[in-house]
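User: Please take a close look at the aromatic side chains here. Keep it brisk.

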Amino acid sequence: TTNLYDDWYHSLIEDSNDEYWVAWMSWRKNNYDIWCSNSKDGTNWSEPIQITRNISTDWAPHLIQDSSDIYWIVFSSGRSGNKDIWYVTSADGKNWSSPIQFTTDSAEDDCPSIVQDSKGTYWIVWYSTRQEKKDIYYSSSTDGITWATPTLLSDQESTNMFPFIIQDSDDNYWITWTSDRSDGLGDIWYCTSENGNIWSTP
């Protein structure tokens, strides 16, 4: 991007048609909103599309394409009165759904990451202040509509933030995040799981 305003927190994928897509937050309309652009060759990019238009701040998008070729962007927003996780979907990357609220807790929920696993289940991880400190939580859904009750992953007297989730080629789940649990400084930690329910010690 070469816009005169701030562009932050980008997420990049290559879709099933070998096109590249980037989503990010931008101040180009005098408010932080989510935007996206795509490219067939990685050099020439489409005119950015504005996805969210709320007067509140929308930030920290994470973009995927699922097995049905539907694009998903999860992001953080203050539009409900406090920080919550929201998401939008699109069949073509140009026409997007209205934002759907994913978390409704009165605590702050922030910086989500999403993946669809090999069985078609969606997983979202994020950090939350539900226990009056920043911890990692996750939830899953088999249809992308009905979601499991959020589960606490990190339970330390420390700050845990900025999670990211993948599933590897052996179908193991990995979550990485930043934590200051060892020495008061931010370090990268991870845990793994074979089923998404029982996780290794970080």
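Analyst: F164 lies in strand β13, residues 160-167 (strands are DSSP runs of E, at least two residues, numbered from the N terminus). This is a predicted model: local features need pLDDT of at least 70, side-chain atom pairs need 80 or more, and totals for chains, interfaces and linings use all residues. Numbering starts from 1 along each chain as its sequence is written, and side-chain values use heavy atoms, without hydrogens or water.

F164 is partly exposed, because its relative accessible area is 39% (buried is under 20%, exposed over 50%, partly exposed in between; 1.4 Å probe, protein chains only).

Now the pairs. There are 14 aromatic pairs in the structure (ring centres within 6.5 Å; planes under 30 degrees apart are stacked, over 60 edge-to-face, the rest tilted). Take W21 and Y71: their ring centres are 4.9 Å apart. Their planes meet at 50 degrees, so this pair is tilted. W21 sits in strand β2, residues 20-26, and Y71 in strand β6, residues 71-77. The pair therefore ties together parts 50 residues apart in sequence. Both W21 and Y71 are buried.

Ring pairs also build a cluster. W72, Y87, F102, Y122, W126, Y137 and W147 are linked this way. R79 lies over the face of W86, at 5.2 Å from the ring centre.

Note on methods. Helices (H or I, at least four residues) and strands (E, at least two) are DSSP runs, numbered from the N terminus. Rings of Phe, Tyr and Trp (its six-membered ring) pair if their centres lie within 6.5 Å; planes under 30 degrees apart count as stacked, over 60 as edge-to-face and the rest as tilted. A charge sits over a ring if NZ of Lys or CZ of Arg is within 6 Å of the ring centre and within 35 degrees of the ring normal.
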